[in-house]
Amino acid sequence: MKKYNVAIIGATGMVGQRFCLLLAEHPWFEVKVLAASGRSAGKSYEEAVGDRWAMTDPIPEKFKNMQVVDAANVEEVASQVDFAFCAVSLNKEETKALEEKYAKAECPIVSNNSAHRWTPDVPMIVPEINDDHTDIIASQRKRLGTKRGFIAVKSNCSLQSYVPAIAPLMEFKPKKVLVCTYQAISGAGKTFDRWPEMVDNVIPYIGGEEEKSEKEPLKIWGKIENGEIVSASEPAFTAQCIRVPVTDGHMAAVFVEFENKPSKEEILKLWKEYKGYPQERNLPLAPKQFLHYFEENDRPQTKSERELERGMAVSIGRLREDTQYDYKFVCLAHNTLRGAAGGAVLMAELLADKGFFD
């Protein structure tokens, strides 16, 4: 695989910081540009981040003295790279416009933002589940008038825990899914230092999260028709999303009703054997085992399982029959690795492997 030159747009934020750690020694991707808002432009990366560095690992040495570029200077950034990761803190319309400017400047965008998730010809990819949605990129390029430029997005971080557990069971036609997510504070871009009111506290509301949790899975399972991704009609989702005092790791309590109820043994076998494109192609950040099932009644736990397979695996436990639904179980995923920057890097590896950056 050839080396690709990349930019991180929104490099100073929490997800941008995670991108820096993941890409510092990446075998395929070489970071050439760190871009952020105008107030960070011209400063060294270390100076621009200041006391806002939120990772447990230090800033990689190779980035400390790299000069930050203004993300608004689209041509300057685009001319230096093969594609860019985007994790900006702008409002939805500003994010949409910025990402489209980059795509039209022939710089493909791998986005961690939500702005383009409902653009009909923008694929929202969980690499192990719907890699075939890359086929829509040809239609998007036609609309944008580009040869190389396009936008691909990753889904919301919370559903990266429970959607992977349901994906292998689609042959049994799940009809209804109820999910309650218990989400870490890093999902809000915060640490306990910056959000002291979260210490010893639970907040039963995360703005916009429940709608995303209910609707985004249906786009992931959608079909491409007439140059658009048409969302699936089933299963019907209902969600409650709760902020809990945990640094990293989103947990989900899941209840599923099927049209054709599988046995517990069938479910466990499918989870164990499930593989996607990243495993088949042995992509650099792909977990060897995507779904891990734990037999112990008190697992998975956030502290012990969130870093499983470099934070890229999904942990499942407590599968049992339910009195109102067919089955219930719990899931866990690292929200800033599998759920955010790591999921975006894995998506970029998939796109690179399929030749979309050439």
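**View 1. E216 and R117 pair up in a salt bridge, 3.0 Å from N to O.** A salt bridge here is a side-chain nitrogen of Lys or Arg within 4 Å of a carboxyl oxygen of Asp or Glu. The two partners come from distant parts of the chain, 99 residues apart: E216 is in helix α8 (residues 209-220), R117 in the loop between β5 (109-111) and α6 (137-144). Helices (H or I, at least four residues) and strands (E, at least two) are DSSP runs, numbered from the N terminus. E216 is buried at 1% relative accessibility, and R117 is buried too, at 4%. Buried is under 20% relative accessible area, exposed over 50%, partly exposed in between (1.4 Å probe, protein chains only).

This is a predicted model, where local features need pLDDT of at least 70, side-chain atom pairs count only at pLDDT 80 or more, and totals for chains, interfaces and linings use all residues. Residues are numbered from 1 along each chain as its sequence is written, and side-chain values use heavy atoms, leaving out hydrogens and water.

**View 2. R143 and D121 make a salt bridge, with their closest N and O atoms 2.6 Å apart.** R143 sits in helix α6 and D121 in the loop between β5 and α6, so the pair ties together parts 22 residues apart in sequence. R143 is partly exposed at 42%, while D121 is buried at 6%.

**View 3. K154 is buried but has no salt bridge.** Its nearest side chain of opposite charge, E216, is 7.0 Å away. Instead, the K154 side chain reaches the backbone oxygen of G339 at 2.7 Å.

Technical notes: Lys, Arg positive; Asp, Glu negative; His and termini not counted. Polar contact = N/O pair within 3.5 Å; in protein donor to acceptor, adjacent residues only side chain to side chain.
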